[in-house]
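I hope they are handy while you have the coordinates open.

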Amino acid sequence: MTVPKEMPEKWARAGAPPSWSQKKPSWGTEEERRARANDREYNEKFQYASNCIKTSKYNILTFLPVNLFEQFQEVANTYFLFLLILQLIPQISSLSWFTTIVPLVLVLTITAVKDATDDYFRHKSDNQVNNRQSQVLINGILQQEQWMNVCVGDIIKLENNQFVAADLLLLSSSEPHGLCYIETAELDGETNMKVRQAIPVTSELGDISKLAKFDGEVICEPPNNKLDKFSGTLYWKENKFPLSNQNMLLRGCVLRNTEWCFGLVIFAGPDTKLMQNSGRTKFKRTSIDRLMNTLVLWIFGFLVCMGVILAIGNAIWEHEVGTRFQVYLPWDEAVDSAFFSGFLSFWSYIIILNTVVPISLYVRPKACSQDPCRWSISSPPCSPSLTSCPLCSVEVIRLGHSYFINWDKKMFCMKKRTPAEARTTTLNEELGQVEYIFSDKTGTLTQNIMVFNKCSINGRSYGDVFDVLGHKAELGERPEPVDFSFNPLADKKFLFWDPSLLEAVKMGDPPTHEFFRLLSLCHTVMSEEKDEGELYYKAQSPDEGALVTAARNFGFVFRSRTPKTITVHELGTAITYQLLAILDFNNIRKRMSVIVRNPEGKIRLYCKGADTILLDRLHHSTQELLNSTTDHLNEYAGEGLRTLVLAYKDLDEEYYEEWARRRLQASLAQDSREDRLASIYEEVESDMMKPLYFQLLGATAIEDKLQQGVPETIALLTLANIKIWVLTGDKQETAVNIGYSCKMLTDDMTEVFIVTGHTVLEVREELRKAREKMVDSSRTVGNGFTYQGKLSTSKLTSVLEAVAGEYALIINGHSLAHALEADMELEFLETACACKAVICCRVTPLQKAQVVELVKKYKKAVTLAIGDGANDVSMIKTAHIGVGISGQEGIQAVLASDYSFSQFKFLQRLLLVHGRWSYLRMCKFLCYFFYKNFAFTMVHFWFGFFCGFSAQTVYDQYFITLYNIVYTSLPVLAMGVFDQDVPEQRSMEYPKLYEPGQLNLLFNKREFFICIAQGIYTSVLMFFIPYGVFAEATRHDGTQLADYQSFAVTVATSLVIVVSVQIGLDTGYWTAINHFFIWGSLAVYFAILFAMHSNGLFDMFPNQFRFVGNAQNTLAQPTVWLTIMLTTAVCIMPVVAFRFLRLSLKPDLSDTVRYTQLVRKKQKAQHRCMRRVGRTGSRRSGYAFSHQEGFGELIMSGKNMRLSSLALSSFTTRSSSSWIESLRRKKSDSASSPGGGGADKPLKG
Amino acid sequence: MAMNYNAKDEVDGGPPCAPGGAAKTRRPDNTAFKQQRLPAWQPILTAGTVLPTFFIIGLIFIPIGIGIFVTSNNIREIEGNVFMYYGLSNFYQNHRRYVKSRDDSQLNGDPSALLNPSKECEPYRRSEDKPIAPCGAIANSMFNDTLELFLVTNESDLTLTPITLKKKGIAWWTDKNVKFRNPPGAGSLEEKFKDTTKPVNWHQPVYKLDTDEDNNGFINEDFIVWMRTAALPTFRKLYRLIERRSDLHPTLPAGQYYLNITYNYPVHSFDGRKRMILSTISWMGGKNPFLGIAYITIGSISFLLGVVLLVINHKYRNSSNTADITI
C-alpha cells in the first residue's frame, strides 16, 4: 500500500493517531485499519480485501495439480506411490505394478470426483452469497450493489430482517438514540436479541444528504476473530470518538425490530469477524484411531524387521549358494555383490510384505477445512475424507453404523419430527466407551417449559386431583382439564386439572382474587395484542410467563402496560393500576416487588420471592397460615417443583411519599447507589411498619418440565457405570432441584457437599472437608483401613476410589473458577470423581469446556457432552463426543455436535445399543482384519527360507491383488456392520454389558497380539502343511504335484477357506447378508480362480495369465483337498477349543446373556433396581426466575416500548439517557465479574 | 451461508407437527434392515455342538489317515504303471529371478515373441545377435541327462533287456495343448525356428529335442515338464512312463536292473544332488507318508481334545452357564 502523502491538518489538532506514519507493507501484516467514509479513492490505497468471499479451492485449471498435490499429502497415498515407484525398478519388483496402481488410481479418482463435487457446491454457495443485494450510498444516492462490490469505507443501508453484509460501524438507525436490534445466532448462537447503539454524533445522521457529507475516518484494530471486542476511534470534525463493540454490526447478524439503519463498512469479506472465525475445526479421533496409529507404527517396525531378516538371509544365501548357482541363474547385471543383492531384496520384501501394514487404518492428525455450507462459528467437527484408505473398510463400517443411528425409529421424535442424526461418521465405536457424560440442564434435561402446576392460597392447596374415593389421581386417570371457556382471553394451551381453584375464583374468595391479582401485576412481562383478545406475553423467564398465564386463565388478565400503568382485566372488567415502583429482582434479594395504586387510590406492595427469604419477613400473627403454607411448600419441593411465596402489604400514602422521596435521593446518589437502594427496598419489604402487615398470600409451584424419560435414562446410565455431571448456567437452587427431580440426587444420599466459596482458600477448605468426610465415613464403615493422619494426595485418591456411601457435589461458578486453577484442579477432580453425582451451576460456557478438558486430561476416559444451546458449544467441541439436542430453538449446539437427536432419553439408546454394538463390531472387525492380513502375508516370510530369500511370492499376483479387496472384504464388512452379540433389549436390561467398552477390553494391545499370534500361527501351518505334503507327493497320474503353481493354488485356496471359516466363527449374527457374503466370497474365489486360469484369457495375454489350466489340474487332486482339509482343521481347532474353554470357564456377561437366551430361560428378575424416592421433607425452594436484573427499570423508563406508543414519547425523551447509561454500566459490570451475567450468557475469557 | 440459513429454517421454521411430504420423509422406515432386526442365526459354541464336532473330526480323520498311510505304504509294490522320476535337490527353481525368466508368449508360438523375446528373459534373451528360442533361464537350464533302464535278464553275462520308457503322456494336457505351442505356419519345425538360436547351455536347438513331430519343439514333453517350475528347492519331475503291458506280469518284475545315465547336467558346482525314483501311484498320487501320519495325529488330537473338553465342561459347567446372571 502507499502511504498518504500529507496528513490532514485537522487531525493534527484532534490528536493524530500515533502509528500514523507507519506503513502497512503487505497483506497479512496489517497493524491498524483506516477507513474514511464516502471516500473510495482514499480507501483503495490500502488494498483492503473486498467483500467477495471465496471458500472454493479450485478452478478448472488448477483442479488436477492442486487436488493431486493434496491427495498425496495423505500418508496412505504417498506410501502407495512409494511402493509403486519401487515396483517399477526391475531388480526390486517382486509384484507386478498393477497390484498397487489399481487401488491407488481408484482411490485417487473417487476422491477427486468427491472433491470436485464439493468444490462445485462451494462455488455455487459463494456466488449466491456474493451476489446478494445491498443498498450502498454512492455519490449521494443509494444504489443497489452486489455484496461482493461493497468496499471498506462504504456506507450501506440495512433494512429489517436483512443480513448484515460486512462488519459495519453503526452510524444511525430508525430507532431513537441510534439503537438497533440484532440477532447474532449465526455468530454465537444466542437467539435473544441484542442491542447495538450508534455513537451520539453519528446517530443524528438520519437522512441520506447528511450521510453523504459524512467524512469521518475510522482507525481501528486490524482484522481479528474476537467477536466480543472491538476498539477503534472515529476522527470526525476535529474530534475523536472512541468506538467499541457496542457500536458494531457484524457480518452474519440479522437486523431485527429496526426499520432501517446505516453503517460504515470497516471489515469486508475475508476480514470480517465471521470469516476470521470460520477457521479450522479440531479433528476428533477415537481412542481406537489413536491406538491404531501406534499399532500401525509397530507393524511398520515389524515389517522392517522382517525385511531386514530376509535381506540378511538373501545376502548370505547369495554369498553361499547364489554365487555358485550362477551357472543356471546368473545375477542381474547391476548386482555385483551379495550385499547389494540383499539390499535390493529388502525392498522387494517390503513390497510383498506391505500387506501386513494396515496403512488404510492410519489416520494422520490433520485440520480439515471448513464446510462452505456452515459458516457459523460453531461449525461441525470435520470428518476425515473417506479417501484416506484404499479399502475403506473402517470408514464403510462407521458409515454403516451412522446410518443405523439415522434410521433408528426408536430415536425418532414424533413430536418434533426429528430423527437422530450422526453428523460425524467416525466416532461411532467411541460411543461404546463413554465413562463421563456432561450434560447441560435447560433444554437438555428439562424442556425449558414451565407449567403452573399447584398453588397454595390462604392455607389451602390446589392442583391435586382426587378421584371419587379421595385418592390422588395419577396422571393417566385424570379427568378433563378445567374449562376456561368463560374467559374469552384465556390461553387455550394452559391446562389445569383441579376445578376447585376456578370455583374459588368464581365464588369471589378474596384471598384467591388477591393471589391472582398479584400474579397479574407483579412481573416484568410485556404484552402484545395483535388482534383483539389475542394476547402474547413476552416474558423474561419462562417461570414468569407461566405465572402470568395462570392468572390470565383464572380471570386476571394482564392486558397491557405503560411505564406508569398496568391494565388488568379482572373477571371481565378492565382495571388500570398506577405503577408506582418496581423493586427489581436481583440475586441477593431473590424477590421482586411492585408498588401499585389501585383505582380506589389505595397503595399496595405486591411481592413474590424465594420462600427462604420471604417467609422470614412475614408477620407472625398469621402463624397458622404460615405453617400450613410451609407444609405445602415442602410437599411441592418434594415433588421437584419450583416454589415461590407471594405476599402483599398495604402502604399508607404518607409513608409511600416519604419512601419514594428517599428512593429518588438514593437513586441520584453518586456513590454506593446500589447499596442505598437495596436498603431502601429492604425497608419497605419488611414488617417494620406495625399497623400494615406484610402478609402472606400463598405460594405457587411451577413444574420445570423434565424431558421425557430423563430419570430413567440417568438411572440406566448410572447402572452402566457412566458418571453424569450436570453443568448448567442456572442457579444453584434450580440446578439442585432438577438434580432431585431427575433422581441424580436422592434424599438417602449420605451427604451432598455444596461448594460455594468465593476465595481460593474457602474453596480449598470446602473441598478438603468433603474429602475428609468421605474418607472418615469409609473408615468408620470398616474395610480394615486405618486412617493415617495426614494423607498424601495420591493416597487420598486411592482411598477416595473406594469410598463407601453415596455423595454428591454441588459447586457453583465462582468456586469452580478457583477449583479449576492449576494447583487445585487435581483436588477438585478427585473429590468430584469420588461423588456419585456432580452438579456445577452458574458456570460459563468456557468453564464447561474446562471441566470437560480436566476430566479428559487426567482420567483418560471417554467423555460425552450433551447440550442444546450455544453456551454448550464449547463443551460439545471439547468432549470426545458432542451431542446436540435438536429441534430446540437454536441450532448452534447441533451444528457443533457429532450426534444430534431431540430427546435426552435417546442417549441411552445411542450409548447402550448403538455405541455398544459399534464398539463390539469395530473391535471384532479389527481383530479379524489383523488376523487375516498376517495369515496371508507371513506365508511369504516362511517361503523366503525356501526360495533363496528371493522375494518370490507364494501366491499368484492376482490373488494378492484381490485377496483384500474381493475375497475377504465383504464377509468381514458384513460382520462389522451387522453383528450383534445380544439383542438390543438385553443391552438395556443389563446395562453392565456396557462395561467392556469402558475398560477397553475388546480391542487393546493384548488382543492385538493375540490376533497377530493367531495370524502367524495360521501362516505357519498354511505354509508347512502343504510343504510337508508336497515335498514327496505326485499327482494321481504320476506327474509332478509340487510345482510352484499348484503349490500357490493350494495355499491360496486353503487360506481363503480358513479365513472364511474363521469369519464364520467370529460372526455371531448370521443374517441373510452375512450368508450371502461369506458363501458368495468363497464362490467368487473359485469363479475368479477358474476364470483366471482359463484358456481364453491365456490365449489373449499369455504373459499375464501364466497359470492356465492350473485350477482344474490342481483342484482335481484328492491330495490337494486332503491338504486343504487338514490345514483348515489344524488352524481352526485350537480356536474353537480355546473359545469353548473360555465360554465354559470364564464366560463374560454377554456370553451368559446369549446362553441364557439360547436355553430360553425366563429371566423374571428385574435387575434394574430403580429406587423410588418418596416425598421427603427436604425443602428446596428456588427463586426460579432466570432473568436479569434491570428489566424493572427498563419497563419503568418505557424505553423498550416502541415509539408508536405515542403517549409515552415525552416521557421517553426525558428519562432515556439515564436508562441507557445504567444499562450500559450494568452490562460492563456483568462482563467484568465472571458468573455475574445472565445464566446462559457466554462470557469472554 | 445461504444453505445454513435454509437449514435453520427447516429446523426452526416449520410448524412443529406439519403434516405432509417433507415431514414424513424424515421419519425412518420401519424395515427390519434399517432397524437392525433382520432375522439371523446366532450360533453359540455350546458343549452340545463343540464336543461332537471334535469327536467327529477325530472319527473321520483317523480312518482317513490310516487309509492314506496304508495306501502310501503299499505303493512300493511295483504293480501297474511305473513312473520314473528324476530328482534334483538344492536347485532353486522357485527363485524369483528364475521363475520369471521365461516368455510364455514365445512358448505359446507367438511369432513376434519368437523373434523378440520378453525382457524378462535377460540375460538369456539373445545370443549371437539372434533371439534365443526358448529364451530365459528356465529353458536354458533344462535337465538333459539321459536315463536308460535295462532289466538284467541273465546275471552271468549281463544280458540287458531295455525297458521301454514312454516319453509322451508325462505333461499336463493343458500344458501340452494350450500353454505350449510351436510357432504356426507351414513348413518344418526347423524352418519355423530358423531365425532363432538355441539356448546357450543346450547342445542342440529346440527343434531337435525329439524326432517325433508331436513331441518336438516347444511341445516336447521333457521340456514342458521342466518348464513347470518346482515349488521347493528339492523336487522330482516325471521323466518316463513304464506302461504295464499285461495284467499277468508285473510291470517291473523282480530282478536286477541296470541304469544307464548319460551325464550332461552339472550340479556339483552348487552342491546339487540328482536322484532317480521309480514309483507306482495310487488314487491319491505317489508315496506320501506325511499326509497319512498328519491325519492320524490330528484325528487323535481332536479326539483327545474332545475328551478333555468334555471333562472340563462336565466339571465346571455348574458354576458357569447354568448360573443366574449376576450383575
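1. Chain B exposes about 16000 Å², and carbon and sulfur atoms supply 57% of that area. Accessible areas are Shrake-Rupley values with a 1.4 Å probe, and for residues only the protein chains shown count as cover. Do keep in mind that this is a predicted model, where local features need pLDDT of at least 70, side-chain atom pairs count only at pLDDT 80 or more, and totals for chains, interfaces and linings use all residues. As for bookkeeping, residues are numbered from 1 along each chain as its sequence is written, chains are lettered from A and ligands numbered from 1 in the order in which they are written, and side-chain values use heavy atoms, without hydrogens and water.

2. Chain B has 327 residues, and 48% of them count as buried (under 20% relative accessible area; over 50% is exposed, and partly exposed lies in between, with a 1.4 Å probe and protein chains only). Among contacts in chain B between residues at least 6 apart in sequence, 75% join residues at least 24 apart; a contact means heavy atoms within 4.5 Å.

3. Eleven helices and nine strands make up the secondary-structure count for chain B. These are DSSP runs numbered from the N terminus: H or I over at least four residues for helices, E over at least two for strands.

4. Now for a sheet worth a look: in chain B, three strands form an open, antiparallel sheet in the order β7-β2-β9. Its edge strands, β7 (235-242) and β9 (273-279) of chain B, each pair on one side only. From one strand to the next, the twist averages 20° (axes are lines fitted to C-alpha atoms, and angles run from 0 to 180 degrees between N-to-C directions).

5. Strand β2 (residues 82-89) of chain B pairs with β7(B) in the antiparallel sense over seven bridges; pairing requires at least two DSSP bridges between the strands.

6. Which cysteines does the disulfide join? Cys121(B) and Cys135(B), with S to S 2.0 Å. Cys121(B) sits in the loop between α6 (111-115) and β3 (126-127), and Cys135(B) in the loop between β4 (130-131) and α7 (137-140), 14 residues apart in chain B. Cys121(B) is buried at 0% relative accessible area, and Cys135(B) is buried at 2%. With a disulfide taken as two cysteine sulfur atoms within 2.5 Å, the count over all chains is one.
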